[in-house]
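The following exercises ask the student to read a three-dimensional structure step by step. Each task is followed by a worked solution.

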Amino acid sequence: MSRYLDGALFALLAVLWGFSFPAISVGLEYLPPLLFAAARYDIAAVLLLTAAVVRVEKWRPTARNDLAAVAGGGVFLIAGNGLLFLGQQTVPSGVAAILQGLVPIITALWAIPLLGERLSPLGAVGAAIGFLGVGLVIQPDPANLLAGDTASKLLIVGQVCSVALGGVLIQRAGPTLEQLPLVGWSMLVGGLVLHAVSLAVGEFPSTDVIGPVSIGALLYLGVFATAIAFMIYFRVLAEHGAFEAALIGYLVPIVATVASVVLLGEEIGILTVAGFGLVAVGFALLKRRAIADAVGFSTGVGSP
């Protein structure tokens, strides 16, 4: 029964995160992007930290490594998502979700200088294929690299790089704080950073943008797609490990794409789909050892 429950939770997590992309697109029609992102994490931080106080004995970060993890996670893993909200002002939600498939590849690249890991020749080929796939998704105009929504897509690539860096910085810090309060505090810090930047660029929502649709999108993102989704993610992570939990990133774009086409009438081109396929192939080459271990095969003694 536990296996079926875990499978159901995995599918539910994909749905919750997949629908977050069209929810962002809907909310951006009413709310300023950075303030919208900040409010999402405000809600999630309150819920997660409340749960941490109730469920976790040590819920306050006091050790230096815990504080470093909260700072790195807050600034890069959480606040970096503000770039996603900026990019989705013009980029279809399905395309934005597909670009998230680059996160594991960028994470592996950040780990080389920051964690001392190395990249094998085949892993380098995988990374190159992944970037080729992103090129098909972005489809830049060589004559004008900022034409159309290319600049917005590059903002989302920047968000991917920031999120990946945040994850590596947390790993490098080696926090002893449990994940629930760690993520809650990171979201609080990230929300405050986003509020500061939002204020600095002059984002001020008018009262007429506050309505059922905007509030609904905000509550869905803060409560369901963030707080509840992370609670589910913690269970998947604890039961099956980081690698299998990371595979959710390749199911989320499928859910997001279907949702955006059905609910928002967006169109996803064949080159975009092909690009996602190349990103997935690149990930498989880069993480072939973890994949082989997960399915019970050996990649060979001493293989990089």
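**Exercise 1: A salt bridge and its surroundings**

In this predicted model, Asp 149 has a relative accessibility of 22% and therefore counts as partly exposed. Determine which residue forms a salt bridge with Asp 149 and how far apart the closest N and O atoms are.

*Solution.* Step 1: the partner is Lys 153, and the closest N and O atoms of the pair are 3.6 Å apart. Step 2: a salt bridge requires a side-chain nitrogen of Lys or Arg within 4 Å of a carboxyl oxygen of Asp or Glu, so the pair qualifies. Step 3: Lys 153 has a relative accessible area of 9% and is buried.

**Exercise 2: The other pair**

State how many salt bridges the structure holds, and decide whether Lys 58 and Asp 66 are buried, partly exposed or exposed.

*Solution.* Step 1: the structure holds 2 salt bridges. Step 2: one of them joins Lys 58 to Asp 66, with 3.5 Å between the closest N and O atoms. Step 3: buried means under 20% relative accessible area, and exposed means over 50%. Step 4: Lys 58, at 38%, is partly exposed, whereas Asp 66, at 0%, is buried.

**Exercise 3: The nonpolar cores**

Identify the residues that touch the most other members of the largest nonpolar core, and list the contacts of Met 187 beyond its neighbours within four places in sequence.

*Solution.* Step 1: the largest nonpolar core has 70 residues, of which Phe 36, Met 187 and Leu 221 touch the most other members. Step 2: with those sequence neighbours left aside, Met 187 is in contact with Tyr 41, Ala 44, Ala 45, Leu 48, Ile 78, Thr 226 and Phe 230. Step 3: a second, separate core of 5 residues includes Ala 69, Val 70, Ile 170 and Leu 177.

**Exercise 4: Helix α7**

Name the buried residues of helix α7 and find what covers them.

*Solution.* Step 1: in α7 (residues 103–115), the buried residues are Val 103, Pro 104, Ile 105, Ile 106, Ala 108 and Ala 111. Step 2: their cover includes α8 (121–138), α9 (150–173) and α13 (270–286). Step 3: after α7 comes Gly 116, with a positive phi near 75 degrees.

**Exercise 5: The largest pocket**

Describe the volume and the lining of the largest pocket.

*Solution.* Step 1: the volume of the largest pocket is about 1,600 Å³. Step 2: 48 residues line this pocket, and Leu 77, Val 103, Val 163, Gly 167 and Tyr 233 are the closest to its centre. Step 3: helix α11 (residues 212–246) supplies the largest share of the lining, 10 residues. Step 4: by class, the lining has 34 nonpolar, 11 polar and 3 charged residues.

Conventions: Residues numbered from 1 in each chain as written. Predicted model: local features only at pLDDT ≥ 70, side-chain atom pairs only at ≥ 80, totals over all residues. Heavy atoms only, no water. 1 Å grid on protein atoms, 1.4 Å probe; cavity = no way out; pocket = protein on both sides within 12 Å on 5 of 7 lines; lining within 4 Å. Points joined across faces, edges and corners; volume = space filled by probe spheres on them. Helix = DSSP H or I, 4+ residues; strand = E, 2+ residues; numbered from the N terminus. Nonpolar A, V, L, I, M, F, W, Y, C, P; charged D, E, K, R; others polar. Buried < 20%, exposed > 50% of the residue type's maximum accessible area, 1.4 Å probe, protein only. Core = buried A, V, L, I, M, F, W, Y, C linked by side-chain atoms within 4.5 Å. Contact = heavy atoms within 4.5 Å.
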